[in-house]
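Here is a walk through a structure, from the inside out. Keep the 3D view open while you read.

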Amino acid sequence: MNTRASVQPRAGHLFAPNSASRVRRNGAYWLQAWLPKLVLAPSVAAALFFVYGFMLWTFVLSLTNSRMLPSYEFVGFAQYARLLSNDRWLVASTNLVIFGALFIAICLAIGIVLAILLDQRIRHEGAIRTIYLYPMALSFIVTGVAWKWILNPGLGIQQVVRDWGWESFTFDWLVNPDMAVYTLVIAGVWQASGFVMALFLAGLRAVDDSIIKAAQLDGASLPRIYWRVVLPCLRPVLFSAVMILAHIAIKSFDLVVALTGGGPGYASDLPATFMYDFSFSRSQIGMGAASAMMMLAGVLAIIVPYLYSELRSRDRG
Amino acid sequence: MDNVIRVQTPGALLARGGIYAALIFMAVVYLAPLLVMLLTSVKTLEDIRAGNLLSLPREITFQPWLHAWSEACTGIRCEGIGGYVWNSVQIVVPAVVISTAIGALNGYALTKWRFKGQEWVFGMLLFGCFIPFQVILLPMAQTLGWLGLGSTTTGLVLVHVVYGIAFTTLFFRNYYVNVPDELIAAAKLDGAGFFRIFLRILLPVSTPIIVVTVIWQFTQVWNDFLFGVAYSSHETQPVTVALNNVVNSTTGVREYNVDMAAAMIAALPTLLVYVLAGKYFVRGLTAGSVKG
């Protein structure tokens with residue numbers, strides 16, 4: 001690394017036969033030194049304005065009593081107080097905990113098991129992998145539309161099972177306020193579990209074979225080797241997967257809109273749909289901004305420890 | 001490669017059969033929704049009402065597809081989603097091209113030219129990957145209004161470029177880090193400048209990462225719903241928003257076959273890309289997670 005740093009700045013001074021060309025070279029040198037920064041400048045400016053500036057702006061809005069239009073009459077943290085005592089917000093954040101926990105846990109379970117099974121020198125592995133992963137290429141809107149049709153009690157799965165002869169079979173989660181949030185889990189797992197499989201399969205392939213051979217020589221059974229030896233090596237992959245899934249869960253908006261519309265009533269609302277509804281449909285910009293800040297806080301609570309551990313492990317490695 | 005059951009005892013054979021059975025069962029589970037969509041989209045409404053999800057159609061009809069393309073109602077208007085597919089194309093193409101180009105230059109400047117605060121710049125750009133977009137939704141709405149870009153295609157392109165740069169920069173940076181520095185150092189000694197080095201040395205070896213980035217951005221922008229629904233009007237909305245309107249518009253009889261045909265139309269471009277270039281799609285998905 002140091003060699004590179006020392007070669008570059010000297011390049012301009014290597015040949016300097018007369019002063020005129022030295023001036024020209026210095027000019028060119030100056031430009032070359034600044035070009036990387038100039039190239040990055042628009043992106044940095046955009047990030048400062050559109051990411052950091054807007055976050056600050058949203059925070060400011062969350063301290064005002066803005067309704068249909070942004071106003072800058074400050075009311076302190078009143079919007080947060082209103083938010084936390086709002087029943088719909090409580091439902092939405094409870095739903096996020098339920099949805100997030102189940103979505104992450106089930107995706108991980110299915111993804112890890114499939115990755116291990118696929119790692120057993122399976123024929124047509126490529127084709128099978130393609131099938132497991134294709135839902136990830138779809139829009140959550142398409143996923144929602146498809147599952148809305150499959151889960152609808154009139155003509156969907158319920159009818160299929162009844163036609164098979166189980167007449168009293170009932171599967172009405174989509175229209176049942178207590179169960180609607182679980183339909184989000186079903187559709188979300190269908191979409192994202194293949195992705196977890198891909199992550200873990202890549203991780204499994206990177207595990208050093210000699211560790212496994214050593215364990216086999218010790219007479220350990222295959223499931224035991226995976227559980228005790230291989231999976232512990234994949235802790236970083238697990239970490240990444242959890243972080244990405246949690247991120248998807250917190251941002252889930254389109255899936256709710258297309259699958260349940262947040263209903264019945266607001267039984268399957270998530271913070272993302274709450275934020276959109278209050279900001280754009282109900283003219284409660286102040287409260288919408290407050291809910292957005294709460295979502296940001298949620299994401300940061302997950303990301304910061306992750307980044308911290310990433311940086312620390314890189315320092316060690 | 002010895003982490004595999006090799007011994008051909010009856011028990012091992014049974015285990016192997018079980019593994020295949022489980023894998024095939026799951027493949028069916030993953031495929032089922034797509035097949036059900038396809039099946040439903042070629043049934044007549046009578047067939048749908050008479051049977052269930054899995055019943056085969058008595059006659060196959062492509063009428064729902066035509067209807068979805070040119071006649072289905074999205075709210076008050078009934079012009080199908082064909083026009084909205086075109087809207088999506090108009091948003092996706094410039095957004096993908098611009099964000100990829102910027103990402104490539106950023107990644108190059110961040111890895112092949114040393115300057116102070118470089119890691120900081122990368123870190124502050126990278127943070128854009130992690131924010132929930134709800135936190136920028138309101139200020140962006142107002143800014144687009146001020147710029148005169150509210151409810152325009154250009155506005156949506158701008159939004160997708162601005163928030164895509166974080167990802168494209170990450171992809172290119174992680175790729176260029178692994179390009180050997182010797183070549184670049186030699187070119188610098190020969191007096192080659194910033195852009196010449198990029199065009200002559202980096203760009204020729206960038207094909208894989210360009211494909212990964214283009215596919216990633218294409219999928220992201222095509223599948224976007226949040227920005228589309230927040231910043232577009234009836235004339236400019238992308239196909240995901242139109243699809244949602246078709247399915248959730250409450251006027252008239254529920255035409256499930258048309259809904260499914262519309263969903264298939266909206267899904268086809270990204271599915272096609274996935275089938276044709278699945279390897280690169282997976283790389284994009286894992287790029288952000290495996291390397292930081």
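Start with Phe103(A): leaving out residues up to four places away in sequence, Phe103(A) touches Val185(A), Gly188(A), Val189(A), Ala192(A), Leu245(A), Ile248(A) and Ala249(A). Contact here means heavy atoms within 4.5 Å. This is a predicted model, so local features need pLDDT of at least 70 and side-chain atom pairs count only at pLDDT 80 or more, while totals for chains, interfaces and linings use all residues. Residues are numbered from 1 along each chain as its sequence is written, chains are lettered from A and ligands numbered from 1 in the order in which they are written, and side-chain values use heavy atoms, with hydrogens and water left out.

The largest nonpolar core has 202 residues, and Phe103(A), Tyr132(A), Ile131(B) and Tyr163(B) touch the most other members. A nonpolar core is a set of buried Ala, Val, Leu, Ile, Met, Phe, Trp, Tyr and Cys residues joined through side-chain atoms within 4.5 Å. The largest share of this core, 15 residues, is supplied by helix H8 (residues 180-206) of chain A. Helices are DSSP runs (H or I, at least four residues), strands are runs of E with at least two, and both are numbered from the N terminus.

Now for chain A as a whole. Its fold is written with 14 helices and zero strands. Of its 317 residues, 50% are buried, with buried meaning under 20% relative accessible area, exposed over 50% and partly exposed in between (1.4 Å probe, protein chains only). Take the contacts in chain A between residues at least 6 apart in sequence: 67% of them join residues at least 24 apart. Chain A exposes about 14,900 Å², and carbon and sulfur atoms supply 65% of that. Accessible areas come from the Shrake-Rupley method with a 1.4 Å probe, and for residues only the protein chains shown count as cover.

An unreviewed UniProt entry places "domain: ABC transmembrane type-1" at residues 93-308 of chain A. UniProt positions follow the numbering used here, feature names are shortened, and annotations may be inferred rather than shown by experiment. In the model, residues 93-308 of chain A are 74% helix and 0% strand, and the end C-alpha atoms lie 26 Å apart.

Trp34(A) sits in helix H2 (residues 19-62) of chain A and is partly exposed, at 38% relative accessible area. Over in chain B, Leu14(B) belongs to helix H1 (residues 10-41) and is exposed, with a relative accessible area of 67%. Leu14(B) and Ile98(B) are 84 residues apart along the chain, and their C-alpha atoms are separated by 54 Å.

On to the charges. Side chains of opposite charge can pair when their charged atoms come close. A salt bridge is counted when a side-chain nitrogen of Lys or Arg is within 4 Å of a carboxyl oxygen of Asp or Glu, and the count over all chains is nine. Here are some of them:

| Pair | N to O distance |
|---|---|
| Arg129(A) and Glu125(A) | 2.8 Å |
| Asp277(A) and Arg282(A) | 3.2 Å |
| Glu119(B) and Arg173(B) | 4.0 Å |

Glu119(B) lies in helix H5 (residues 118-126) and Arg173(B) in helix H7 (residues 153-176) of chain B, so their bridge ties together parts that are 54 residues apart in sequence. Glu119(B) is exposed at 54% relative accessibility, whereas Arg173(B) is buried at 12%.

Arg129(A) and Glu125(A) are four residues apart in helix H5 (residues 125-133) of chain A, so about one helical turn separates them. Arg129(A) is partly exposed at 34%, while Glu125(A) is buried at 14%.

Arg282(A) is partly exposed at 45% relative accessibility. Together with Arg88(A), Asp269(A) and Asp277(A), Arg282(A) is linked in a network of salt bridges.

Last stop: Asp224(B), in the loop between helix H10 (207-223) and helix H11 (226-230) of chain B. Is Asp224(B) buried or exposed? Asp224(B) is buried, with a relative accessible area of 12%. Beyond neighbours within four places in sequence, Asp224(B) is in contact with His160(B) and Thr240(B).
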